[in-house]
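This report describes selected aromatic, helical and backbone features of one protein structure. The sequence and the model are shown first, and the description follows.

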Amino acid sequence: MEPTLTARQARLTALRAQGLAKGRPGKVTAGSVRRVFEQLHLLQIDSVNVLSRSHYLPLFSRLGPYDTAIPDRLASRAPRRMVEYWAHEASYVRPELFADLRTVQRRVWMTAHSVPPEVKATLSEQIMALLEVSAPLTAREVEARIGGSSAKPAENWGWNWHASKRVLEDLFAAGLLSSAGRTAQFERLYAPTADVHPAGASALESADPREAVLRLTEAAARAHGVATVRCLADYFRLLQGETAEAVDTLVRTGQLQRVRVAGWKAPAYLHAEAVIPRRASARALLSPFDSLVFERKRLQALFGFHYRLEIYTPPAARRYGYYVLPFLLGDVFAARVDLKADRLNKVLLVQAAHREEGAPADTAVELAAELRMMADWLGLDDVMVKPSGDLAGALKLAVRRE
């Protein structure tokens, strides 16, 4: 008979697997940052910078204040411990996963499929030849180098920004180009993957597709602790059918155990090395792109927390705000806050603050402490709470006492 986990046991298992069950360490080192990254396997990248670059926030949630130059170095200096590629979305991933992700990459992101074939072929050849001999370049620098070097091969395309950028993204999606780092404006610096990846040219060797899916599924299971097939597939955007086959294999080899979770309809799978702690002492604001909240249905099943990102919702139709971060306290989501870093005035703005049903009595006090810590980390001098949301009044008072 399959073992059954209570809903709380499943929550605690997930928090432990995601590095959110314990309090933060007293001292943060480069090794601390690397270990958290390796535990998660990836950090999602996003261009929105209303608060902080999204890939910095999961590390802060788990470690507290740290030097963001550390992950920058891990992604830009040899031997790189973080490389860019498509995973859940655009992400920093462990270099060991790159070949597997490249093998299973079936999506069409921002690629050059609409560029005329003759333009794409010529541009691809020119771009690769340029980057083979130059220092890493941004998309704009690549376009400037090749922008007037040849006659237009096709009407309405030519050697313009639109075409060269699409071809660059196509070469990146194919794994032939990678990122050697980012500029201060967060522009990707393109370079041949063989020059960037710590494995060199061998990183471009194809992996067996079944073995690739198997390794990625096991990595996802380790990062989840306990999960359904749907959740495991979502972590690296795998197909559910192939993920289910990999899960069957991992069950047979003892790496996963089929279990039931109270309240879940679908079967769940517990990683052999998963730990079910007795309690969680987390206190963290989570990025909308944090790996704990990737799969919104999983989040609701685990925590009873309904969460949607409202960036693309018209302002008048937003319920909670533009850039809303869930606030995790212990093993419950106690609140959500719409945050903005007002860098000009050096203030962390709480645009709105909402309490969740059943939130602990000390939610406002704990959230105020977390906001003060975040403001200090971001180099901001103060926290300002606007009068929006049912937690705003209590939070404003708690912030004043900090």
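Helices are DSSP runs of H or I with at least four residues, numbered from the N terminus. In this predicted model, helix 2 is followed by histidine 41, whose phi is positive, near 80°.

**Helix 2 and its surroundings**

Helix 2 spans residues 30–40 and packs with helix 4, residues 69–76, at an angle of about 65°, the two axes lying 9 Å apart. Angles of 65 to 115 degrees count as roughly perpendicular, and helix 2 and helix 4 are therefore described as roughly perpendicular to each other. The crossing of these two helices is right-handed. On the side of helix 2, Ala30, Val33 and Arg34 make the contact, and on the side of helix 4 the partners are Ile70, Pro71 and Leu74.

The buried residues of helix 2 are Gly31, Ser32, Val33, Val36, Phe37 and Leu40. Helix 4 is one of the elements against which these buried residues pack; the others are strand 2 (42–44), helix 3 (57–63), strand 4 (90–93), helix 10 (209–224) and helix 11.

Glycine 31 belongs to helix 2. Its relative accessible area is 13%, and because buried means under 20%, glycine 31 is classed as buried. Between glycine 31 and isoleucine 70 the C-alpha to C-alpha distance is 9.4 Å, although 39 residues separate them in sequence.

**Aromatic pairs**

A pair of aromatic rings is described by the distance of the centres and the angle of the planes. The structure holds nine aromatic pairs. One of them joins tyrosine 85 and phenylalanine 98, whose ring centres are 5.0 Å apart and whose planes meet at 70°, so the pair is edge-to-face. Tyrosine 85 lies in strand 3 (residues 83–86) and phenylalanine 98 in helix 5 (residues 98–104), so this pair ties together parts that are 13 residues apart in sequence. Tyrosine 85 counts as buried at 1% relative accessibility, and phenylalanine 98 is buried with a relative accessible area of 1%.

A further pair is formed by tyrosine 235 and phenylalanine 294: the centres are 5.7 Å apart and the planes are at 55°, so the pair is tilted. Tyrosine 235 lies in helix 11 (residues 229–235), and phenylalanine 294 in the loop between strand 10 (283–285) and helix 13 (296–303), so the pair ties together parts that are 59 residues apart in sequence. Both partners are buried, tyrosine 235 with a relative accessible area of 2% and phenylalanine 294 with 10%.

Ring pairs also link Phe303, Phe305, Tyr307 and Phe333 into a cluster.

**Charges over rings**

| Arginine | Ring | Distance from ring centre |
|---|---|---|
| Arginine 182 | Phenylalanine 186 | 4.3 Å |
| Arginine 188 | Phenylalanine 172 | 3.9 Å |

**Backbone features**

Most residues other than glycine have a negative phi, and most peptide bonds are trans. The peptide bond from alanine 78 to proline 79 is cis, with omega near -10°. Proline 79 is found in the loop between helix 4 and strand 3.

Arginine 237 is not a glycine, yet has a positive phi of about 60°. Arginine 237 is placed in the loop between helix 11 and helix 12 (240–252) and counts as partly exposed at 32% relative accessibility. Lysine 346, likewise not a glycine, has a positive phi of about 60°. The loop that holds lysine 346 runs between strand 12 (332–342) and strand 13, and lysine 346 is partly exposed, with a relative accessible area of 36%.

**Histidine 354**

Strand 13 (residues 347–355) contains histidine 354. At 15% relative accessibility, histidine 354 counts as buried. Apart from neighbours within four places in sequence, histidine 354 is in contact with Arg319, Tyr320, Ala334, Ala335, Arg336, Gly389, Asp390 and Leu391.

How values were computed:
Residues are numbered from 1 along each chain as its sequence is written. This is a predicted model: local features need pLDDT of at least 70, side-chain atom pairs count only at pLDDT 80 or more; totals for chains, interfaces and linings use all residues. Side-chain values use heavy atoms; hydrogens and water are left out. Rings of Phe, Tyr and Trp (its six-membered ring) pair if their centres lie within 6.5 Å; planes under 30 degrees apart count as stacked, over 60 as edge-to-face and the rest as tilted. Buried means under 20% relative accessible area, exposed over 50%, partly exposed in between (1.4 Å probe, protein chains only). A charge sits over a ring if NZ of Lys or CZ of Arg is within 6 Å of the ring centre and within 35 degrees of the ring normal. Axes are lines fitted to C-alpha atoms, for helices over the stretch in contact, and angles run from 0 to 180 degrees between N-to-C directions. Angles under 35 degrees count as roughly parallel, over 145 as roughly antiparallel, 65 to 115 as roughly perpendicular and the rest as oblique. A crossing is left-handed if the near helix is turned anticlockwise from the far one by less than a right angle, and right-handed if clockwise. Contact means heavy atoms within 4.5 Å.
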